[in-house]
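Work through the exercises below with the structure open beside you. Try each task before you read its solution.

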Amino acid sequence: MMNTTSENLTKEKADYIYQRLRKQITSIDSEACPQSFVFFVFGASGDLAKKKIYPTLWWLYRDGFLPEHICFVGYARSQLTIEKIFQNADKYMKVHDHERDLYKKFLELNHYVCGSYDKSEDFDKLNHEANKISQHTSAHRFFYLALPPSVYGSVSELISTHCRPGAPGWVRLIVEKPFGKDLQSSNILSGHLSKFYAEEEIYRIDHYLGKEMVQNIMVLRFSNRIFSRVWNRDSVAAVKIIFKEDIGTQGRGGYFDEFGIIRDVIQNHLMQILSIVAMEKPRSTTGEDIRDEKVKVLRCIAPIKSENVVIGQYLGDKESKDSERQLGYLDDAGVPKDSTTPTYAQTILYINNERWDGVPFILRAGKALNEKKAEIRIQFRDVPGGMFDENGSKAPLARDELVVRIQPDEAIYLKVNTKRPGEMSYSIEETELDLTYNERYRGVKLPDAYERLILDVFMGSRINFVRSDELQEAWRIVDPILTEIDQKKLPVVPYKFGAAGLPQAFDAAVKHGYVFTGTYVRKDERSASVINSQKEKEKEKAKEKVQS
Ligand SMILES: NC(=O)C1=CN([C@@H]2O[C@H](COP(=O)(O)OP(=O)(O)OC[C@H]3O[C@@H](n4cnc5c(N)ncnc54)[C@H](OP(=O)(O)O)[C@@H]3O)[C@@H](O)[C@H]2O)C=CC1
Ligand SMILES: O=C1O[C@H](COP(=O)(O)O)[C@@H](O)[C@H](O)[C@H]1O
C-alpha cells in the first residue's frame, strides 16, 4: 500500500467503487431502463454550489466515479447561464492542463434552469427540461438543496409533486444543514419532509461525517484492543472536542446571526463526533446498526445546563495589519449592531450511562481565533501511586492523552511519558507515539468530505448521513440553552480576533477535570524550536565574530 502512488490508488478505488455502483444500479434497475441519472443542484448560483458542490461533481466525474449516463441541472432564481456559474466556480475547480478535454466534456453535461422556489409552473418547466436533457422520463434523480433553510419546505414539496421520475426511476434528496433552528422547527421540517419522502429517500448531510479522521474513529476504537479496554470512565478523565477557525463570518453574518455557533457547529458537527466517540460497538458497519448506536448514546445526555456553558463574541483587533482581523463580528454588514449572537461557545455535557458516568465531554467551537484546527482529545486519568521524583518532589506526571487531529494535517498521536534520553536518573519527558498522515501516508490523496458523501449518495449508503431521530436528540440536548441564549440570559464575553480562546472556558474545563499542564510540545513544534534556537545561536555567533 505504501508504495502505491496516489494516482494508482485513486484509480484502483475508482474502479472498485464504480464496479460496486454499477452492480448495485443493475440490481435495482430492470433490463428495460437504461442507467440514466440527473443530478439537480438547487441554489446553483450560491456559495456552497460554487465552492463545494460543482467542484466535487467535477472531481468525481474526472476520477471515473460517476455513471456514464449522467447530466447535471443547476436551478436558482438568478438570471444566469451555466457558463457564468462555471466562471464563478473556476478557481475552486482545480482543473489541470492535461484535464482540459475531459473538463470540456463535463461542462457539456451541465445545464441551468432559472425559476422560483415556490411556483408549481416553474417546477413543471424544470421537470420538462430535465426530461428533455436526459432524454428519459424515468432517469434516477438526485436533488441537492444548497439553499437557505427558509425555502426547504416549498422546494422539497414542489420537487416531490412535480419532478419525480416515472417508474422505475428513484429520487434521493440531499438536504444541507441547518436542519431547523431548534427542536420544534426541526420536527416541523422532518414532519414536512416525511409527508413527501420516505426516510430512505432523504440524505441529511453533515460534512464532518465525510472527513477522513472522523471516519477513522470507529476503526481506531473497535479494531484495537489497547483502546477498547480503556475507553471508559475507569481510564478516561475527560474528552475534549474542539473546532477552531481563524476566519470571521466573512460576509456570511446575515445567515450566521440567526443561528450562532452552537447551531452552526456544535449541535451538528461536534455532536456527531461525540456520538461516534462515545457510542457502544455497533453490531456491524452495515444498515442501521451504526446510526442506532449513535442515537442510543445521545439519548443518555441530559440537556445542557447554563452553568456549563461559556459564550463569546469576537471584536476586531485594531492593531492587526490584516484588514479582516481588524473587523469585529458586529462590523459584518449582515449583522445587527446590537447582536449578542455567540461566535464562540463551550458546552460541557455528561453521558449518563455505565461507560461514561461522570466523564465531562467538553465541546468547544469558535470563529476568529488564532488558528484553524479541529481535534478530539481523550485525556486519561492520573497514574496512581507516584514513584518518580521530579526535581526532588513526587509531582503528578503529565496525563496520557490520545489526540485525533481532524484537520489540518491529519494525525493521531498518543502523548506518553518516557525516560529523558541519555540521562542517568529516572527523569521524565513527555513525548508522543505519532501517526502523522503526511509522513506515514505520503502521496496518498485523501478525498474531500463532500466527495465521499456525494459518492455515498450515489451508492445509496446512508450510514454517514443524519437520521431524523439522531437529529431530534441533538436538538433536545441544546434546545433549552439556545432559548436562554436567544433570550439574552447568558453573558457574552468579548474576545479579540486572533485569541486562543476564552479564559473562562479554559477555567471551566479545568474545574470539570480536564488537566492542562502546558508543558507538552509536539514533535514538529519541538524540532521547529530546536531549529530556531540553533539559528538564533548561529546568528549570535556571527554577530560576535563581526564585533570581534
Ligand atoms: N457556504 C458554505 O460554506 C456552507 C453552506 N452550508 C449550507 O448550505 C446551504 C446553502 O448555503 P450557501 O450556498 O452558503 O447559501 P447562499 O446564501 O449562497 O444561498 C444559495 C442560493 O439560494 C438563494 N437564496 C439566497 N437567499 C435566499 C432567500 N432568502 N430566499 C430564497 N432564496 C435565497 C440564492 O439563489 P437565487 O437568488 O439565485 O435563487 C443563493 O444563490 C445553507 O443551508 C447553508 O447553511 C453548509 C455548510 C457550509
Ligand atoms: O458547516 C460549517 O462548517 C464550516 C467549516 O467547515 P470545514 O470543513 O472548513 O471545517 C464553517 O466555516 C461554517 O460556519 C459552518 O456552517
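**Exercise 1. The shell of ligand 2**

By class, how many nonpolar, polar and charged residues does the shell around ligand 2 have?

Solution. The model is a predicted one. Start with the names: His207, Glu245, Asp264 and Val265 surround ligand 2. Now sort them. The shell has one nonpolar, one polar and two charged residues.

**Exercise 2. The shell of ligand 1**

Find how many residues surround ligand 1, and which are the closest. Then find which helix gives the most to this shell.

Solution. Step one is the count: 20 residues surround ligand 1. The closest are Gly46, Leu48, Ala76, Arg77 and Ser78. Step two is the source. Helix α2, residues 47-62, gives the most, with four residues. Step three is the class. Ten residues of the shell around ligand 1 are nonpolar, five are polar and five are charged.

**Exercise 3. The largest nonpolar core**

Which residues of the largest nonpolar core touch the most other members?

Solution. The core has 129 residues. Phe40, Val41, Phe42, Tyr144, Leu145, Ile266 and Leu270 touch the most other members. Next, ask which helix gives the most to this core: helix α10 (residues 253-278), with eleven residues. The core also draws at least three residues from each of domain 1 and domain 2. As background, nonpolar side chains tend to be buried together in soluble globular proteins.

Take one member further. Leave aside the neighbours of isoleucine 266 within four places in sequence. Isoleucine 266 is then in contact with Ile261, Met271, Ala345, Thr347, Leu363, Ala365 and Val478.

**Exercise 4. One side of a helix**

Where around the axis of α11 do its buried residues lie?

Solution. First list them. In helix α11 (residues 289-299), Ile290, Arg291, Lys294, Val295, Val297 and Leu298 are buried. They cover an arc of only 165° around the axis, so they are on the same side of α11. Then look at what covers them: α10 and α15 (468-486) are included.

Now zoom in on isoleucine 290, found in helix α11. Isoleucine 290 counts as buried because 21 C-beta neighbours lie inside 10 Å, and the cut-off is 20 or more. Leaving aside neighbours within four places in sequence, isoleucine 290 is in contact with Pro282, Thr285 and Ile463. Isoleucine 290 and isoleucine 463 are 173 residues apart in sequence. In space they are 7.0 Å apart, C-alpha to C-alpha.

**Exercise 5. Buried or exposed?**

Decide whether leucine 369, lysine 94 and glutamine 135 are buried or exposed.

Solution. Take leucine 369 first, in the loop between β10 (360-366) and β11 (373-380). Leucine 369 has 26 other C-beta atoms within 10 Å, so it is buried. Not counting residues up to four places away in sequence, leucine 369 touches Lys244, Glu245, Asp246, Ala499, Ala500 and Gly501. Recall that Glu245 is also one of the residues that surround ligand 2.

Lysine 94 comes next, in the loop between α3 (82-93) and α4 (100-108). Lysine 94 has 11 other C-beta atoms within 10 Å, so it is exposed. Its phi is near 50°, a positive value in a residue other than glycine.

Glutamine 135 sits in the loop between α5 (120-134) and β4 (140-145). With 11 C-beta neighbours inside 10 Å, glutamine 135 counts as exposed. Phi of glutamine 135 is positive as well, near 55°.

Key:
Residues numbered from 1 in each chain as written. Chains lettered and ligands numbered in written order. Predicted model: local features only at pLDDT ≥ 70, side-chain atom pairs only at ≥ 80, totals over all residues. Near = placed C-beta within 6 Å. Helix = DSSP H or I, 4+ residues; strand = E, 2+ residues; numbered from the N terminus. Nonpolar A, V, L, I, M, F, W, Y, C, P; charged D, E, K, R; others polar. Core = buried A, V, L, I, M, F, W, Y, C linked by C-beta atoms within 7 Å. Buried ≥ 20, exposed ≤ 12 C-beta atoms within 10 Å, placed from the backbone. Domains from an automatic or database assignment. Contact = placed C-beta atoms within 7 Å. Arc of directions from axis to C-beta.
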